[in-house]
Amino acid sequence: MAIFDVGRPVVAVSVMFDEFDLKIIHALQVDGRAPFSKIAGVLGVSDQTVARRYASLRSAKKIRVTGRTDPARVGEVAWFVRVRCTPDAARAIGETLARRPDTSWVKLTSGGTEIVAIVRAPTSHDSETLLLGKLPRTPRVTNVSANCLLHMFFGGPQGFINALSPEQVAQLESPRAADGPQVDLDDGDKQLLALLHRDGRTDVTALATATGRPATTLRRHLADLRASGVLYFDVDFDYRSLGMANQTMLWLSVAPDQMVAAGQALAAHPEVPFAAATTGSTNLFASVLCPDPSALYTYLTTKVATLPSVQRMETTPVVQTLKNL
(Lines give C-alpha, C1' and ligand atoms only; values in the text may rest on other atoms or scores of the structure.)
Protein backbone atom coordinates (compact mmCIF):
# COMPACT_ATOMS: atom_id res chain seq x y z
CA MET A 1 0.00 0.00 0.00
CA ALA A 2 1.18 3.50 -0.77
CA ILE A 3 1.80 5.79 2.16
CA PHE A 4 1.46 9.47 2.83
CA ASP A 5 4.44 10.90 4.69
CA VAL A 6 3.50 13.46 7.37
CA GLY A 7 6.85 13.57 9.11
CA ARG A 8 7.64 10.87 11.66
CA PRO A 9 4.20 9.18 11.69
CA VAL A 10 2.89 7.53 8.53
CA VAL A 11 -0.76 7.59 7.48
CA ALA A 12 -2.32 5.28 4.89
CA VAL A 13 -3.91 7.10 1.99
CA SER A 14 -7.51 6.77 0.90
CA VAL A 15 -8.46 4.26 -1.77
CA MET A 16 -9.23 7.03 -4.29
CA PHE A 17 -5.57 7.26 -5.33
CA ASP A 18 -3.49 4.12 -5.68
CA GLU A 19 0.31 4.01 -5.52
CA PHE A 20 0.76 4.64 -9.24
CA ASP A 21 -1.65 7.61 -9.11
CA LEU A 22 0.41 9.16 -6.32
CA LYS A 23 3.62 8.72 -8.28
CA ILE A 24 2.11 10.58 -11.23
CA ILE A 25 0.77 13.35 -8.97
CA HIS A 26 4.15 13.70 -7.26
CA ALA A 27 5.90 13.85 -10.64
CA LEU A 28 3.53 16.60 -11.78
CA GLN A 29 4.11 18.52 -8.54
CA VAL A 30 7.82 18.49 -9.35
CA ASP A 31 7.20 19.62 -12.96
CA GLY A 32 3.62 20.11 -14.07
CA ARG A 33 4.61 20.22 -17.75
CA ALA A 34 7.05 17.32 -17.73
CA PRO A 35 6.49 15.24 -20.91
CA PHE A 36 4.78 11.92 -20.34
CA SER A 37 7.84 10.26 -21.89
CA LYS A 38 10.06 11.78 -19.19
CA ILE A 39 7.71 10.75 -16.38
CA ALA A 40 7.44 7.27 -17.88
CA GLY A 41 11.22 6.93 -18.00
CA VAL A 42 11.51 7.86 -14.34
CA LEU A 43 8.74 5.45 -13.33
CA GLY A 44 9.94 2.62 -15.57
CA VAL A 45 6.70 2.25 -17.54
CA SER A 46 5.56 3.09 -21.06
CA ASP A 47 4.56 6.56 -22.24
CA GLN A 48 1.09 5.26 -23.05
CA THR A 49 0.60 3.94 -19.51
CA VAL A 50 1.32 7.35 -17.97
CA ALA A 51 -0.77 9.20 -20.56
CA ARG A 52 -3.78 6.91 -20.08
CA ARG A 53 -3.67 7.13 -16.29
CA TYR A 54 -3.32 10.92 -16.34
CA ALA A 55 -6.22 11.22 -18.82
CA SER A 56 -8.35 9.06 -16.54
CA LEU A 57 -7.53 11.16 -13.46
CA ARG A 58 -8.07 14.39 -15.39
CA SER A 59 -11.41 13.37 -16.93
CA ALA A 60 -12.71 12.20 -13.57
CA LYS A 61 -11.80 15.68 -12.22
CA LYS A 62 -9.65 14.13 -9.54
CA ILE A 63 -6.59 16.20 -10.46
CA ARG A 64 -5.84 19.31 -12.53
CA VAL A 65 -2.51 20.84 -13.51
CA THR A 66 -2.88 24.60 -13.48
CA GLY A 67 -0.59 27.46 -14.39
CA ARG A 68 -0.27 30.17 -11.74
CA THR A 69 1.53 33.51 -11.53
CA ASP A 70 3.49 35.11 -8.72
CA PRO A 71 1.52 38.27 -7.83
CA ALA A 72 4.66 40.29 -7.08
CA ARG A 73 6.10 39.54 -10.53
CA VAL A 74 2.98 40.67 -12.43
CA GLY A 75 2.22 43.92 -10.60
CA GLU A 76 -0.40 42.60 -8.20
CA VAL A 77 -0.87 42.43 -4.44
CA ALA A 78 -2.58 39.46 -2.79
CA TRP A 79 -4.86 40.14 0.19
CA PHE A 80 -6.37 37.85 2.79
CA VAL A 81 -9.91 39.15 3.21
CA ARG A 82 -11.86 37.96 6.27
CA VAL A 83 -15.58 38.61 6.39
CA ARG A 84 -17.38 37.77 9.64
CA CYS A 85 -21.14 37.56 9.38
CA THR A 86 -24.26 35.91 10.74
CA PRO A 87 -24.54 32.19 9.90
CA ASP A 88 -27.59 32.68 7.67
CA ALA A 89 -25.66 35.08 5.40
CA ALA A 90 -22.30 33.32 5.11
CA ARG A 91 -22.99 31.09 2.13
CA ALA A 92 -24.62 33.81 0.01
CA ILE A 93 -21.81 36.27 0.71
CA GLY A 94 -19.19 33.59 0.08
CA GLU A 95 -20.78 32.68 -3.25
CA THR A 96 -20.82 36.37 -4.21
CA LEU A 97 -17.08 36.58 -3.50
CA ALA A 98 -16.47 33.34 -5.41
CA ARG A 99 -18.03 34.83 -8.55
CA ARG A 100 -15.56 37.72 -8.54
CA PRO A 101 -12.71 37.26 -11.05
CA ASP A 102 -10.15 38.70 -8.62
CA THR A 103 -10.64 36.01 -5.94
CA SER A 104 -8.23 33.06 -6.00
CA TRP A 105 -10.00 31.00 -3.39
CA VAL A 106 -12.93 31.39 -1.03
CA LYS A 107 -13.57 29.28 2.06
CA LEU A 108 -16.25 29.10 4.74
CA THR A 109 -14.67 28.80 8.19
CA SER A 110 -15.43 28.94 11.90
CA GLY A 111 -18.61 26.91 11.77
CA GLY A 112 -19.99 28.98 8.90
CA THR A 113 -19.68 32.41 10.53
CA GLU A 114 -16.68 33.65 8.55
CA ILE A 115 -15.54 33.76 4.93
CA VAL A 116 -11.83 33.90 4.11
CA ALA A 117 -10.77 34.75 0.57
CA ILE A 118 -7.59 35.64 -1.27
CA VAL A 119 -8.10 38.66 -3.51
CA ARG A 120 -5.52 39.83 -6.05
CA ALA A 121 -5.51 43.53 -6.89
CA PRO A 122 -3.24 45.80 -8.97
CA THR A 123 -0.47 47.53 -7.05
CA SER A 124 -1.13 50.76 -8.95
CA HIS A 125 -4.36 51.42 -7.04
CA ASP A 126 -5.46 51.73 -3.46
CA SER A 127 -6.06 48.01 -3.41
CA GLU A 128 -7.47 47.63 0.08
CA THR A 129 -9.97 50.48 -0.31
CA LEU A 130 -11.15 49.20 -3.69
CA LEU A 131 -11.63 45.59 -2.68
CA LEU A 132 -13.36 46.39 0.59
CA GLY A 133 -15.66 48.87 -1.16
CA LYS A 134 -16.87 46.13 -3.49
CA LEU A 135 -17.86 43.73 -0.72
CA PRO A 136 -21.55 43.02 -0.17
CA ARG A 137 -23.15 45.70 2.01
CA THR A 138 -25.50 44.11 4.51
CA PRO A 139 -26.09 44.46 8.26
CA ARG A 140 -25.47 40.73 8.50
CA VAL A 141 -21.75 41.41 7.93
CA THR A 142 -20.34 42.12 11.39
CA ASN A 143 -16.65 42.70 10.57
CA VAL A 144 -14.34 42.89 7.56
CA SER A 145 -10.54 42.92 7.51
CA ALA A 146 -7.90 42.75 4.78
CA ASN A 147 -4.31 41.68 5.39
CA CYS A 148 -1.69 42.01 2.67
CA LEU A 149 0.32 38.91 1.75
CA LEU A 150 3.94 40.03 2.12
CA HIS A 151 5.97 36.90 1.47
CA MET A 152 5.31 33.23 0.70
CA PHE A 153 7.42 30.80 2.68
CA PHE A 154 5.76 27.78 1.12
CA GLY A 155 3.20 27.16 -1.55
CA GLY A 156 2.94 27.25 -5.30
CA PRO A 157 4.70 24.38 -7.06
CA GLN A 158 5.77 22.45 -3.97
CA GLY A 159 3.84 19.46 -2.74
CA PHE A 160 4.01 17.06 0.14
CA ILE A 161 3.21 13.69 -1.41
CA ASN A 162 6.30 11.52 -1.08
CA ALA A 163 5.63 8.77 -3.61
CA LEU A 164 8.93 9.18 -5.50
CA SER A 165 12.45 8.61 -4.30
CA PRO A 166 14.85 11.58 -4.04
CA GLU A 167 16.67 10.22 -7.08
CA GLN A 168 13.46 10.17 -9.12
CA VAL A 169 12.61 13.72 -8.03
CA ALA A 170 16.08 14.89 -9.09
CA GLN A 171 15.54 13.45 -12.57
CA LEU A 172 12.32 15.47 -12.97
CA GLU A 173 13.38 18.75 -11.37
CA SER A 174 13.89 21.84 -13.48
CA PRO A 175 16.32 24.64 -12.52
CA ARG A 176 14.92 26.84 -9.77
CA ALA A 177 13.26 30.03 -10.97
CA ALA A 178 15.49 33.05 -10.55
CA ASP A 179 14.43 36.12 -8.60
CA GLY A 180 13.63 38.77 -11.12
CA PRO A 181 11.95 42.16 -11.52
CA GLN A 182 8.30 42.81 -12.13
CA VAL A 183 7.19 41.86 -15.65
CA ASP A 184 4.73 43.86 -17.72
CA LEU A 185 2.31 41.42 -19.34
CA ASP A 186 0.79 42.28 -22.69
CA ASP A 187 -2.61 41.06 -23.90
CA GLY A 188 -0.99 38.04 -25.55
CA ASP A 189 0.69 37.05 -22.30
CA LYS A 190 -2.59 37.38 -20.42
CA GLN A 191 -4.34 35.19 -22.97
CA LEU A 192 -1.57 32.59 -22.73
CA LEU A 193 -1.65 32.57 -18.93
CA ALA A 194 -5.45 32.26 -18.91
CA LEU A 195 -5.20 29.17 -21.13
CA LEU A 196 -2.55 27.63 -18.90
CA HIS A 197 -4.59 28.42 -15.81
CA ARG A 198 -7.45 26.33 -17.20
CA ASP A 199 -5.13 23.50 -18.23
CA GLY A 200 -1.45 23.74 -17.43
CA ARG A 201 -0.61 20.85 -19.77
CA THR A 202 -2.13 22.37 -22.91
CA ASP A 203 0.41 21.52 -25.62
CA VAL A 204 2.42 24.20 -27.39
CA THR A 205 0.69 23.62 -30.75
CA ALA A 206 -2.73 24.31 -29.22
CA LEU A 207 -1.39 27.33 -27.34
CA ALA A 208 0.16 28.68 -30.54
CA THR A 209 -3.10 28.26 -32.45
CA ALA A 210 -5.12 29.97 -29.71
CA THR A 211 -2.74 32.91 -29.29
CA GLY A 212 -1.67 33.34 -32.91
CA ARG A 213 2.03 33.07 -32.06
CA PRO A 214 4.53 30.79 -33.82
CA ALA A 215 5.07 27.61 -31.83
CA THR A 216 8.85 28.08 -31.63
CA THR A 217 8.47 31.64 -30.34
CA LEU A 218 5.82 30.62 -27.83
CA ARG A 219 7.94 27.71 -26.56
CA ARG A 220 10.86 30.06 -25.84
CA HIS A 221 8.58 32.64 -24.22
CA LEU A 222 6.99 29.97 -22.02
CA ALA A 223 10.45 28.89 -20.88
CA ASP A 224 11.37 32.51 -20.13
CA LEU A 225 8.21 33.05 -18.05
CA ARG A 226 9.02 29.96 -16.00
CA ALA A 227 12.71 30.78 -15.60
CA SER A 228 11.88 34.28 -14.35
CA GLY A 229 9.49 32.95 -11.71
CA VAL A 230 6.47 34.68 -13.26
CA LEU A 231 4.81 31.36 -14.12
CA TYR A 232 4.75 28.11 -12.17
CA PHE A 233 2.60 24.99 -12.24
CA ASP A 234 0.64 23.38 -9.46
CA VAL A 235 -1.56 20.29 -9.14
CA ASP A 236 -5.06 20.77 -7.74
CA PHE A 237 -6.81 17.86 -6.06
CA ASP A 238 -8.95 17.19 -3.03
CA TYR A 239 -6.64 16.41 -0.12
CA ARG A 240 -9.45 14.46 1.53
CA SER A 241 -8.52 11.79 -1.01
CA LEU A 242 -5.34 11.36 1.02
CA GLY A 243 -7.19 11.02 4.29
CA MET A 244 -6.53 14.67 5.17
CA ALA A 245 -10.12 15.51 6.14
CA ASN A 246 -9.30 18.30 8.57
CA GLN A 247 -8.23 21.63 7.03
CA THR A 248 -7.49 24.49 9.40
CA MET A 249 -6.25 28.03 8.95
CA LEU A 250 -3.60 29.03 11.45
CA TRP A 251 -3.01 32.72 12.25
CA LEU A 252 0.09 33.42 14.34
CA SER A 253 1.54 36.55 15.88
CA VAL A 254 5.33 36.23 16.05
CA ALA A 255 8.00 38.67 17.22
CA PRO A 256 9.36 40.54 14.17
CA ASP A 257 12.93 39.34 14.67
CA GLN A 258 11.70 35.72 14.56
CA MET A 259 9.30 35.95 11.60
CA VAL A 260 11.73 34.45 9.10
CA ALA A 261 12.76 31.60 11.41
CA ALA A 262 9.14 30.79 12.29
CA GLY A 263 8.00 31.01 8.67
CA GLN A 264 10.79 28.74 7.46
CA ALA A 265 10.01 26.28 10.25
CA LEU A 266 6.35 26.19 9.19
CA ALA A 267 7.48 25.61 5.61
CA ALA A 268 9.32 22.48 6.74
CA HIS A 269 6.19 20.92 8.26
CA PRO A 270 4.62 18.32 5.94
CA GLU A 271 1.20 19.27 7.36
CA VAL A 272 1.53 22.77 5.84
CA PRO A 273 0.93 23.13 2.08
CA PHE A 274 1.04 26.93 2.30
CA ALA A 275 2.56 29.49 4.67
CA ALA A 276 3.01 33.24 4.32
CA ALA A 277 3.89 36.44 6.13
CA THR A 278 1.08 39.01 6.24
CA THR A 279 0.16 42.41 7.59
CA GLY A 280 -2.39 42.73 10.39
CA SER A 281 -2.79 41.79 14.02
CA THR A 282 -1.28 38.39 13.17
CA ASN A 283 1.75 38.23 10.91
CA LEU A 284 2.10 34.57 9.91
CA PHE A 285 -0.53 32.47 8.14
CA ALA A 286 -0.51 28.74 7.47
CA SER A 287 -2.95 26.31 5.94
CA VAL A 288 -2.78 23.05 7.91
CA LEU A 289 -3.97 19.62 6.79
CA CYS A 290 -4.49 16.76 9.25
CA PRO A 291 -6.46 13.50 9.23
CA ASP A 292 -8.68 14.48 12.17
CA PRO A 293 -8.98 16.87 15.16
CA SER A 294 -6.81 14.64 17.31
CA ALA A 295 -3.96 14.89 14.80
CA LEU A 296 -4.44 18.66 14.65
CA TYR A 297 -4.17 18.83 18.45
CA THR A 298 -0.94 16.85 18.32
CA TYR A 299 0.43 19.11 15.61
CA LEU A 300 -0.42 22.30 17.52
CA THR A 301 0.96 21.06 20.84
CA THR A 302 4.19 19.67 19.41
CA LYS A 303 5.42 21.33 16.22
CA VAL A 304 3.65 24.69 16.53
CA ALA A 305 4.50 24.82 20.22
CA THR A 306 8.21 24.79 19.37
CA LEU A 307 8.09 27.71 16.91
CA PRO A 308 10.15 30.68 18.14
CA SER A 309 8.49 33.69 19.81
CA VAL A 310 4.83 32.86 19.10
CA GLN A 311 2.83 35.42 21.06
CA ARG A 312 -0.67 34.59 19.85
CA MET A 313 -2.39 31.77 17.94
CA GLU A 314 -5.80 31.61 16.29
CA THR A 315 -7.19 28.54 14.53
CA THR A 316 -10.15 28.65 12.13
CA PRO A 317 -11.40 25.27 10.82
CA VAL A 318 -12.47 25.23 7.16
CA VAL A 319 -16.07 24.11 6.73
CA GLN A 320 -16.31 24.25 2.94
CA THR A 321 -14.32 25.45 -0.04
CA LEU A 322 -16.45 27.58 -2.36
CA LYS A 323 -13.69 28.42 -4.82
CA ASN A 324 -10.17 27.14 -5.33
CA LEU A 325 -8.23 28.51 -8.32
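**Group meeting: a walk through one predicted chain**

Is threonine 211 buried or exposed? Its relative accessibility is 16%. Buried means under 20%, so threonine 211 counts as buried. As for what surrounds it, threonine 211 touches Gln191, Leu192, Leu195 and Leu218, leaving aside residues up to four places away in sequence. There is also a polar atom of the threonine 211 side chain that lies 2.8 Å from the backbone oxygen of leucine 207.

Now the whole chain. It has 325 residues, and 47% of them count as buried. You will find eleven helices and twelve strands in it. The accessible surface comes to about 15,500 Å², and 54% of that belongs to carbon and sulfur atoms. Take the contacts between residues at least 6 apart in sequence: 78% of these join residues at least 24 apart.

Next, a pair of helices. Helix α7 covers residues 187-198 and helix α9 covers residues 215-227; they pack with their axes 12 Å apart, at an angle of about 80 degrees. That angle makes α7 roughly perpendicular to α9. Which residues make the contact? From α7 they are Asp189, Leu192, Leu193 and Leu196, and from α9 they are Leu218, His221, Leu222 and Leu225.

Arginine 176 is exposed, with a relative accessible area of 80%. Arginine 176 and alanine 227 are 51 residues apart in sequence, but their C-alpha atoms are 7.4 Å apart in space.

On to the strands, and β3 to begin with, residues 63-69. Why do we call β3 largely enclosed by the rest of the structure? Because seven of its seven residues are buried. Both faces are covered: Ile63, Val65, Gly67 and Thr69 are buried on one side, and Arg64, Thr66 and Arg68 are buried on the other. Strand β3 runs antiparallel to strand β8, residues 231-237, and seven bridges join the two. Within that pair, valine 65 stands opposite valine 235 of β8.

The next item is a barrel. It is closed, has eight strands with antiparallel pairing, and runs β4-β6-β5-β12-β9-β11-β10-β7. On average, neighbouring strands of this sheet are turned by 35 degrees against each other, direction ignored.

Eight of its nine residues are buried, so β9 is largely enclosed by the rest of the structure. What does β9 pair with? One partner is strand β11, residues 284-290, in the antiparallel sense over seven bridges. There, leucine 252 stands opposite leucine 284. Another partner is strand β12, residues 310-324, also antiparallel and joined to β9 by seven bridges. Facing β12, serine 253 stands opposite arginine 312, and tryptophan 251 stands opposite glutamate 314.

That is the end of my part.

Methods: Residues are numbered from 1 along each chain as its sequence is written. This is a predicted model: local features need pLDDT of at least 70, side-chain atom pairs count only at pLDDT 80 or more; totals for chains, interfaces and linings use all residues. Side-chain values use heavy atoms; hydrogens and water are left out. Buried means under 20% relative accessible area, exposed over 50%, partly exposed in between (1.4 Å probe, protein chains only). Helices (H or I, at least four residues) and strands (E, at least two) are DSSP runs, numbered from the N terminus. Two strands pair if DSSP finds at least two bridges between them. A polar contact is a pair of N or O atoms within 3.5 Å; within protein, one must be able to donate a hydrogen and the other to accept it, and residues adjacent in sequence count only if both atoms are side-chain atoms. Contact means heavy atoms within 4.5 Å. Accessible areas come from the Shrake-Rupley method with a 1.4 Å probe; for residues, only the protein chains shown count as cover. Axes are lines fitted to C-alpha atoms, for helices over the stretch in contact, and angles run from 0 to 180 degrees between N-to-C directions. Angles under 35 degrees count as roughly parallel, over 145 as roughly antiparallel, 65 to 115 as roughly perpendicular and the rest as oblique.
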